[in-house]
Amino acid sequence: MFLIEILGTTSSDALSHNPLNGYYIESAFVAVKPQVFLDKYLPEHPGIPLVTYESFKKASEQRPESEMYEPLIDALKPFLKTGWSMINTSTNPDPDSGFIDGHKIKPDITVYTDRKPSIDNPCRAFSGIEVTSRFAYTSSKNSYLQTFFWRLSHARSALRGIDETFEAQHNVDLKIQDLLKAHHDPVGRGYHREGEVYTRLHDSHSVENIPTILAEGDVEAGESVSCGVFDPEWTIPTNSTIRSHRHYRIVLGVVGEPIAEFRSTWELTKCMLDAIKAHRDAVLNAKVKHCDISPGNILIVRSQDGKATGNLIDWELSKYCEEEGNRVYERAGTVQFMAARLLSKEPTAQTISNDLESFMLLWFAACYAPNKMSPAYRGKMLYAYDTLNRLIKGNFMLVRPATPCRFQLHSTSLTKILVKLMQQYSAHYAMPYNNDEALESDIIKKQAMLETHGWMIDTMQEALKDEDWNATTDCQRLGSSLLSQASQSRDKRSE
């Protein structure tokens with residue numbers, strides 16, 4: 001048995017990238033003794049019941065594993081605060097768990113506070129993980145597990161990782177200082193302040209499709225909250241990426257919708273094109289590379305008549321073109337949308353072509369566009385985006401037209417543009433063979449073209465001229481915010 005604490009401050013869009021956030025902190029593990037863990041994160045609370053170890057031993061002896069859930073829940077009930085409960089959700093999706101973009105999850109055991117999922121405020125970001133050494137929860141020599149739930153259920157929400165300074169607002173006429181309570185974004189130092197980046201983008205006077213900022217600043221003055229100060233008894237892993245953070249918020253001058261809320265696949269393509277233009281202008285005019293293209297960083301902003309424009313946001317991981325060298329040890333960006341080249345264990349320079357690979361519509365189409373794929377088949381198709389194996393992902397990009405056709409999309413127009421984009425972009429991973437100099441020369445030319453935005457912009461603009469496509473409403477979201485790797489796991493358990 002282990003106790004685990006995810007370190008870091010909070011972020012309103014952390015869950016929009018999906019729960020595979022462990023990728024972002026894959027090397028940020030710190031080992032700690034169970035008692036040190038409890039004392040550091042959860043204050044003592046009087047009145048803890050006596051532990052009946054026989055009930056825990058009985059639960060541990062059940063086979064198969066699923067048979068132990070109910071007796072384990074019964075054994076832990078005395079250590080939960082009134083209003084808290086545990087439910088066996090191993091056989092059916094939890095109907096109240098749609099806090100991840102409506103996606104229903106199926107954990108083995110779900111913990112509720114007042115009959116609500118315990119993460120009722122989905123505002124988190126992750127900087128590192130502390131994990132205890134293994135302990136026997138059936139042993140009378142310790143009561144770590146029982147103490148954990150007793151202290152956790154009696155702790156203030158802030159100690160459970162919930163940002164108590166975050167306040168949802170519904171009155172659009174609020175003053176800026178009130179809006180600051182509803183918008184926040186933690187920033188890891190070592191990067192540029194996001195407000196500073198927006199100022200640079202706007203000062204260039206020619207970066208379209210980015211929001212203005214109304215206000216920005218640190219939530220608290222003083223030293224940063226450190227995720228890198230370790231107890232001498234802890235085992236710090238080699239090349240640990242845990243570092244200091246400061247709680248930071250920014251107020252944008254637009255109210256937008258997630259890119260997944262597109263009303264047609266034509267609109268999806270158009271908003272993606274708008275974001276690509278913003279990326280182009282940022283690189284060419286403001287000399288800024290975004291470095292974190294993902295669905296959560298593209299907003300749909302609508303005018304009063306309903307027309308949509310894509311806005312590229314979340315510039316906190318951006319890098320100025322004049323800066324050289326690596327700033328951080330870990331890979332920067334959202335794994336599902338990182339170029340396959342960046343998954344290499346060796347340091348790899350962030351290029352325009354790498355960011356443009358993140359703009360490829362394949363993942364968006366498979367997750368959100370109407371299609372004929374079953375959930376299990378879709379999970380297999382998206383595995384290349386979930387894996388950290390750069391060869392698998394690179395080969396996925398190399399197969400050209402085959403991949404979009406396998407998605408079985410209802411929209412032939414979207415399939416056609418995906419095929420064209422793949423035909424062009426596959427050169428990024430092409431290799432000459434048999435010393436074919438002509439082929440090698442052709443590949444080099446195509447790879448040079450991929451370091452520009454023009455080819456992708458031209459391809460998408462040409463496709464968007466299709467009036468019939470523009471008039472089609474095809475916004476059905478099959479498998480909203482699919483978590484392909486999680487789906488595969490559930491399928492295996494239900495077989």
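Among contacts in the protein chain between residues at least 6 apart in sequence, what percentage join residues at least 24 apart? In this model, which is predicted, the figure is 76%. The protein chain has 495 residues, of which 48% count as buried, and its secondary structure comes to 18 helices and 15 strands.

Two pairs of helices illustrate how the elements of the chain pack. Helix 1, spanning residues 34-41, packs with helix 4, spanning residues 144-154, at an angle of about 10°, and the axes of these two helices are 11 Å apart. Because angles under 35 degrees count as roughly parallel, helix 1 and helix 4 are described as roughly parallel to each other. On the side of helix 1 the contact is made by Pro34, Gln35, Phe37, Leu38 and Asp39, and on the side of helix 4 by Tyr144, Thr147, Phe148 and Arg151. By class, the residues of this contact between helix 1 and helix 4 divide into five nonpolar, two polar and two charged.

Helix 2 (residues 53-60) and helix 3 (residues 69-76) form the second pair, packing at an angle of about 165° with their axes 8 Å apart. That angle makes helix 2 roughly antiparallel to helix 3, and helix 2 passes helix 3 in a left-handed crossing. Here Ser55, Phe56 and Ala59 of helix 2 meet Pro71, Leu72, Ala75 and Leu76 of helix 3. The contact of helix 2 with helix 3 contains six nonpolar residues and one polar residue, with no charged residues.

Strand 11 pairs with strand 13 (residues 298-302) in the antiparallel sense over two bridges, and proline 258 stands opposite leucine 299 in strand 13. Strand 13 is joined to strand 14 by five bridges, the two strands running antiparallel, and the bridge partner of isoleucine 298 in strand 14 is leucine 312. Strand 13 and strand 14 also form a hairpin with five residues between them, and in the turn glycine 306 has a positive phi of about 90°.

The buried residues of helix 16 are Trp455, Met456, Ile457, Thr459, Met460 and Ala463. In an α-helix there are 3.6 residues a turn, so residues three or four places apart point the same way. Lysine 420 is found in helix 14, which covers residues 412-425. With a relative accessibility of 48%, lysine 420 counts as partly exposed, whereas alanine 463 is among the buried residues of helix 16. Lysine 420 and alanine 463 are 43 residues apart in sequence, and their C-alpha atoms are 9.9 Å apart in space.

Notes. Residues are numbered from 1 along each chain as its sequence is written. This is a predicted model: local features need pLDDT of at least 70, side-chain atom pairs count only at pLDDT 80 or more; totals for chains, interfaces and linings use all residues. Side-chain values use heavy atoms; hydrogens and water are left out. Axes are lines fitted to C-alpha atoms, for helices over the stretch in contact, and angles run from 0 to 180 degrees between N-to-C directions. Helices (H or I, at least four residues) and strands (E, at least two) are DSSP runs, numbered from the N terminus. Angles under 35 degrees count as roughly parallel, over 145 as roughly antiparallel, 65 to 115 as roughly perpendicular and the rest as oblique. A crossing is left-handed if the near helix is turned anticlockwise from the far one by less than a right angle, and right-handed if clockwise. Contact means heavy atoms within 4.5 Å. Ala, Val, Leu, Ile, Met, Phe, Trp, Tyr, Cys and Pro count as nonpolar, Asp, Glu, Lys and Arg as charged, and the others, Gly among them, as polar. Buried means under 20% relative accessible area, exposed over 50%, partly exposed in between (1.4 Å probe, protein chains only). Two strands pair if DSSP finds at least two bridges between them.
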